[in-house]
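Here is a short briefing for a first look at a protein model. Please keep the sequence and the structure in view as you read.

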Amino acid sequence: MQFLVAINQTRALEWGLNAQQAMLFAFLHQVPTWAQARQIDGQTFFNISKTKVVDELPLLTDKPDTAYRLMKQLAKAGLIVMTSCDNKTYIRLTEKAIAWNRVQGSEKNPTPENSPSQVGKISEPGSEKSPTNQGTNDPTPSPSGAGGEHPMFGQAAGRDDDGQPTGAGETPRQHPMTYDWQPDAVQLSAACLRRRLPTDTQPDAATLADFTAHFAEKPNERRTAQGWHERLAKWIAENRHKPQPNAGNANGGRRHGERTGHAQPQQRPGLSAADARRLAEQQRREQAAGSPGGEILDGEYEPGH
């Protein structure tokens, strides 16, 4: 990637270049110093592909077609000549383009001090061109902060491409739940330990599906990775303490005869209704005979009536 690109704003405005075109031409202006040269029709051309432009100027564009379109615009402006040979793109600078870094005195630009060759030079200490040096003991102060590093670089060192903290000392990031979320075994084990659950506790498929679906419908609820594991452990613990369906009626379905202590005659295979009644009367007599005052007189009951 090209680290620095020097743009001559005076020439860019004079030639009617926009920011993208000026940046690209500033890069192409240096191509003859390093690119592969080739003689084509008696002229020296230099190989530069649109993909190379994207690689070297990611700030310009990430689309090769856009890079190629900008190169065509520079060719139309009379700054470069483009050709193709062996399926490779070659360019050469025009006479007009060579004047990119040439400065001639004028009312708008009376001295060569404004030329790109002067860019980056440090003015005399305490001068109007270097007001930030006034009152300092160092005539050429470094832009770096303590330890020789610019504060901007120190702030950016611990952040990712999105500006979020990364690396040592990073702040845990919160995120909403998703339907396809899967718990981490180590983090869930630690969460279960704090809930006094077995450390090898794992939710079954149905429990995990209920958990993720419940919280995925709440996009505003955000937790850290460990926070979601803590919530899952709590979810599992709460489910284990919920009463099971019909658990309180485990004995509620007993037959009336079992609750009152009266034996009920069992229907035997091939036993007729009359035989069942006689069997029931026999059992009743036997139970009554074994209780005080339970004597049964003949004639009180006649089976079949």
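Predicted model: local features only at pLDDT ≥ 70, side-chain atom pairs only at ≥ 80, totals over all residues.

Residues are numbered from 1 along each chain as its sequence is written, and side-chain values use heavy atoms, leaving out hydrogens and water.

**Overall make-up**
- The chain has eleven helices and six strands. Both are DSSP runs numbered from the N terminus: helices are H or I with at least four residues, strands are E with at least two.
- Of the 305 residues in the chain, 26% are buried. Buried means under 20% relative accessible area, exposed means over 50%, and partly exposed lies in between (1.4 Å probe, protein chains only).
- Among contacts with a separation of 6 or more, 52% join residues 24 or more positions apart. A contact means heavy atoms within 4.5 Å.

**Confidence**
- The average pLDDT of the chain is 74, and 62% of the residues score at least 70. pLDDT is the predictor's confidence in each residue, from 0 to 100.
- Residues 105-153 stay under 50 in pLDDT. The model gives this stretch 32 contacts beyond four places in sequence.
- Residues 252-263 are also below 50. They have five contacts beyond near neighbours in sequence.

**An enclosed helix**
- Helix α2 spans residues 19-28, and eight of its ten residues are buried, so it is largely enclosed by the rest of the structure.
- The buried residues are Q21, A22, M23, L24, F25, A26, F27 and L28.
- Their cover includes α1 (9-14), α3 (50-56), α4, β3 (80-85), β4 (88-93) and α5 (95-98).

**A helix pair**
- The axes of α8 (residues 205-216) and α9 (residues 225-241) come within 11 Å and cross at roughly 125°. Axes are lines fitted to C-alpha atoms, for helices over the stretch in contact, and angles run from 0 to 180 degrees between N-to-C directions.
- On the α8 side, the contact is made by T207, D210, F211, H214 and F215. On the α9 side, it is made by W228, R231, L232, W235 and N239.

**A lysine in α4**
- K72 sits in helix α4 (residues 64-76). It is partly exposed, with a relative accessible area of 44%.
- K72 and M82 are ten residues apart along the chain, and their C-alpha atoms are separated by 7.8 Å.
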